Every structure is written in C-alpha cells, then in structure tokens.
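Q: I'm new to this one and would like to learn how to read it feature by feature. Could we go through it together?

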Amino acid sequence: MPEKTRCDWSTHDPEMVAYHDQVWGVPQRDDRALFEFLTLEGAQAGLSWSTILHKRKGYLKAFENFDASVVANYDEAKIAGLLADPGIIRN
C-alpha cells in the first residue's frame, strides 16, 4: 500500500499527521464537530495551528466535549474559571 501524500505542514509532528489524515478536509455535518472547528479556528487567530492542536484536549475538557447546549449555559463562575485555565488559549 503506498504511503499517503500529505501537505507539508503536517509531516513533522505525529499529532499534526493524525489531524491531517483523520480530520482536515473531511466533510463534517455533526454539530459538535462544527462547534469544535469554529472554536479552535477562532482561537488560532495569529497563532500556529500546531499551538492550537496541542491545546485541543484542554478545549475538549473546557467546553464539555464541544456540547454547545452546555456551553451556552455557562455561568459567570464557569467563565471565570475558563479565563484562568492554562489548558486553553485565553484572550
């Protein structure tokens, strides 16, 4: 079986390779996955994708596995906790 052809940006880090092969460019219609992409892409502004991808597990935890209905009901205490969470990009 021939090796996959990958974009240059994805060839140096195992996490980037996995993202490239399993997620990037794959059509998605699931609300959770779309919310995840929107969140991560928003956090990426001005940063490298590698930086964001290495924080992905922190975002999964912080945003309840990207359940928008749960996140929509976060109270001030939860939001304050997120602003102090080093597992995500805070801005």
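Q: Into which classes do the residues lining the largest pocket divide?
A: Start with the idea: a pocket is found on a 1 Å grid over the protein atoms alone, as an open set of points where a 1.4 Å probe fits, with protein on both sides within 12 Å along at least five of seven lines, and lining residues have an atom within 4 Å of a point. For the classes, Ala, Val, Leu, Ile, Met, Phe, Trp, Tyr, Cys and Pro count as nonpolar, Asp, Glu, Lys and Arg as charged, and the others, Gly among them, as polar. Here the lining has nine nonpolar residues, one polar and one charged. Among them are Tyr59, Phe63, Arg90 and Asn91.

Q: Before we go on, what kind of model is this?
A: It's a predicted model, where local features need pLDDT of at least 70 and side-chain atom pairs count only at pLDDT 80 or more, while totals for chains, interfaces and linings use all residues. Residues are numbered from 1 along each chain as its sequence is written, and side-chain values use heavy atoms, with hydrogens and water left out.

Q: Which helix gives the most to that lining?
A: Helices (H or I, at least four residues) are DSSP runs, numbered from the N terminus. Helix α6, residues 76-83, gives the most, with three residues. The protein has six helices and zero strands.

Q: How do I read the length of a helix, say α2?
A: Compare its span with the expected one, which is 1.5 Å times one less than its number of residues. Helix α2 runs over residues 31-44, and its 14 residues reach 20 Å from first C-alpha to last, close to the 20 Å expected.

Q: And which residues of α2 are buried?
A: Buried means under 20% relative accessible area, exposed over 50% and partly exposed in between, with a 1.4 Å probe and protein chains only. In α2 the buried ones are Ala33, Phe35, Glu36, Thr39, Leu40 and Ala43. Looking down the axis of α2, they fall within an arc of 160°, so they line one face of the helix; the arc is that of the directions from the helix axis to the C-beta atoms. Asp31 and Leu38, on the other side of α2, are exposed.

Q: What covers the buried residues of α2?
A: Think in contacts, meaning heavy atoms within 4.5 Å. The cover includes α3 (49-53), α4 (56-62) and α5 (68-71).

Q: Can we try single residues? Is His20 buried or exposed?
A: His20, in helix α1, is buried, with a relative accessible area of 10%. Leaving aside neighbours within four places in sequence, His20 is in contact with Thr5, Arg6, Cys7, Trp9 and Ser10. Asp21 is also found in α1 (residues 14-22), but counts as partly exposed at 22% relative accessibility. Asp21 touches Lys4 and Arg6, not counting residues up to four places away.

Q: Where does Phe66 lie, and is Phe66 buried or exposed?
A: Phe66 sits in the loop between α4 and α5 and is buried, at 1% relative accessible area. Asn65 lies in the loop between α4 and α5 too, but is partly exposed, at 45%.

Technical notes
Helices (H or I, at least four residues) and strands (E, at least two) are DSSP runs, numbered from the N terminus.
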